[in-house]
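The exercises below are worked on the structure shown here. Try each task before reading its solution.

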Amino acid sequence: MSRGAEAQPAAGVGVARVAHFATVEQQRHAAVLGIWAWLVTELLLFAALFLVALILRVQHPEAVRAAALHLKFWVGAVNTVVLICSSLTMSMAIAFSRMGWQRAMVRAMLATAALGSLFLVLKGYEYYADYEEHMMPFLTVRPYALAETPATRLFVNLYYVATSLHGLHLFTGISILLGMTWMAAKPGFLSRHQNWIEVYGLYWHFIDLIWILAFPILYVVNR
Amino acid sequence: MIGERGPRDDVVTPLRSLGPEDRALLRRHLRAPILTFLALLGLLAVNVTLGATLPFAHVWVVELLVVTVMVAIILLVSMEVRREPPLVRLFAGLGFFWVAILMGMTLTDYLAR
């Protein structure tokens, strides 16, 4: 992989070649290409949701604005900071893996999982506050606060679909990260599977990227 | 690729205990992630300020431009697309190209009605 000088792996850090690849370099390229192929499909999935949000904004500006004013703007902003911090710790884990600093890498991975969990806790609080404010139009047993403006239901339901789908990706990401951390703490991991950290890092940064898009499209531009 | 020397299990920090070589190594590897982190926080601060104060009409244009810069930074620096082989860059570029077509054609329709 044509990385910069600072990205060259240290001694004792590498990838154990599996039989169906001719070289380690080919194996690394295939892994990165594979995760990108998947990330592109994820990008198209979320892009369709964001597109619907923008169309709703064009078609029902007043209703979308009324609904967006009920969103917890500051919780969303804090959550964006949390995910940006988690991207830093993930980048640190990748850097430590390249340097061969295994224990520091494991700690950075745990910090990343902790920040991801904090995001989910804050998101849970946000949903709870929405429930208290009767802002869950899909609950038939609970009156909806903006029932007099039917178009707001479209935006609020879309908000739940987009944010819960993102939350599901984050939850899956945290689970995989914790499993990988358990494996990465074992002796010899970095000499055989260093590229796992890099490939996983792409997924984590992508989750961050999706939220970086979701926050302004759902919370900011509709105010 | 498998070297003889094992990974540095002994590096537990604190930073004070690191020698000059390790410090230089750490600085070299963490410079880009920390600068990226600061840039993203700064751009987020701009967007949050604009969203909270709504200083002028059509402020959403500026907000979306700021987001575009944030996404570009994550892609090029954090996800290291600029350092990937051409085929990976093509995949990443094609993904956003299709999104641009999806957004462009659909919004052209809705905005022109």
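**Exercise 1. Decide whether B:E80 is buried or exposed, and describe its place and backbone.**

Step 1. B:E80 has 22 other C-beta atoms within 10 Å, so it is buried. The cut-offs are 20 or more other C-beta atoms within 10 Å for buried, 12 or fewer for exposed, and partly exposed in between, with C-beta atoms placed from the backbone.

Step 2. B:E80 sits in the loop between α2 and α3 (86-112) of chain B. Helices here are DSSP runs of H or I with at least four residues, strands are runs of E with at least two, and both are numbered from the N terminus.

Step 3. The phi angle of B:E80 is near 60 degrees, a positive value in a residue other than glycine.

Before going on, note the conventions. This is a predicted model, in which local features need pLDDT of at least 70 and side-chain atom pairs count only at pLDDT 80 or more, while totals for chains, interfaces and linings use all residues. Residues are numbered from 1 along each chain as its sequence is written, and chains are lettered from A and ligands numbered from 1 in the order in which they are written.

**Exercise 2. Carry out the analysis for B:H58: is it buried or exposed?**

Step 1. B:H58 has 7 C-beta neighbours inside 10 Å and therefore counts as exposed.

Step 2. B:H58 belongs to the loop between α1 and α2 of chain B.

Step 3. Phi of B:H58 is near 60 degrees, which is positive although the residue is not glycine.

**Exercise 3. Describe how α1(B) and α2(B) pack.**

Step 1. Two packed helices are described by the angle between their axes and the distance between the axes. For α1 (residues 20-53) and α2 (residues 59-78) of chain B, the angle is about 165 degrees and the axes are 10 Å apart. Axes are lines fitted to C-alpha atoms, for helices over the stretch in contact, and angles run from 0 to 180 degrees between N-to-C directions.

Step 2. α1(B) and α2(B) are therefore roughly antiparallel. The classes are under 35 degrees for roughly parallel, over 145 for roughly antiparallel, 65 to 115 for roughly perpendicular, and oblique for the rest.

Step 3. The crossing of α1(B) and α2(B) is left-handed, that is, the near helix is turned anticlockwise from the far one by less than a right angle; clockwise would be right-handed.

Step 4. Residues in this contact include B:A32, B:T36 and B:L43 of α1(B), and B:V62, B:E63 and B:V66 of α2(B). Contact means that the C-beta atoms of two residues, placed from the backbone, lie within 7 Å.

Step 5. The contact of α1(B) with α2(B) has 14 nonpolar, four polar and one charged residues. Nonpolar covers Ala, Val, Leu, Ile, Met, Phe, Trp, Tyr, Cys and Pro; charged covers Asp, Glu, Lys and Arg; the others, Gly among them, are polar.

**Exercise 4. Describe the packing of α1(A) against α5(A).**

Step 1. The axes of α1(A) and α5 (residues 151-184) of chain A come within 10 Å and cross at roughly 160 degrees. That angle makes α1(A) roughly antiparallel to α5(A).

Step 2. α1(A) passes α5(A) in a left-handed crossing.

Step 3. On α1(A), A:L49, A:V52, A:A53 and A:L56 meet A:L154, A:F155, A:L158, A:V161 and A:A162 of α5(A). By class, this contact has nine nonpolar, no polar and no charged residues.

**Exercise 5. Place A:M90 in chain A: which helix holds it, and what does it touch?**

Step 1. Chain A has six helices and zero strands, and A:M90 lies in α3.

Step 2. A:M90 counts as buried because it has 30 C-beta neighbours inside 10 Å. Of the 223 residues of chain A, 44% count as buried.

Step 3. Leaving out residues up to four places away in sequence, A:M90 touches A:T112, A:G201, A:W204 and A:H205. A:M90 and A:E198 are 108 residues apart in sequence, with their C-alpha atoms 9.2 Å apart.

**Exercise 6. How many residues does each chain give to the contact between chains A and B?**

Step 1. Chain A gives 54 residues and chain B gives 50 residues.

Step 2. On the chain A side, the largest share, 15 residues, comes from α1(A).

Step 3. The chain A side divides into 35 nonpolar, 13 polar and six charged residues.
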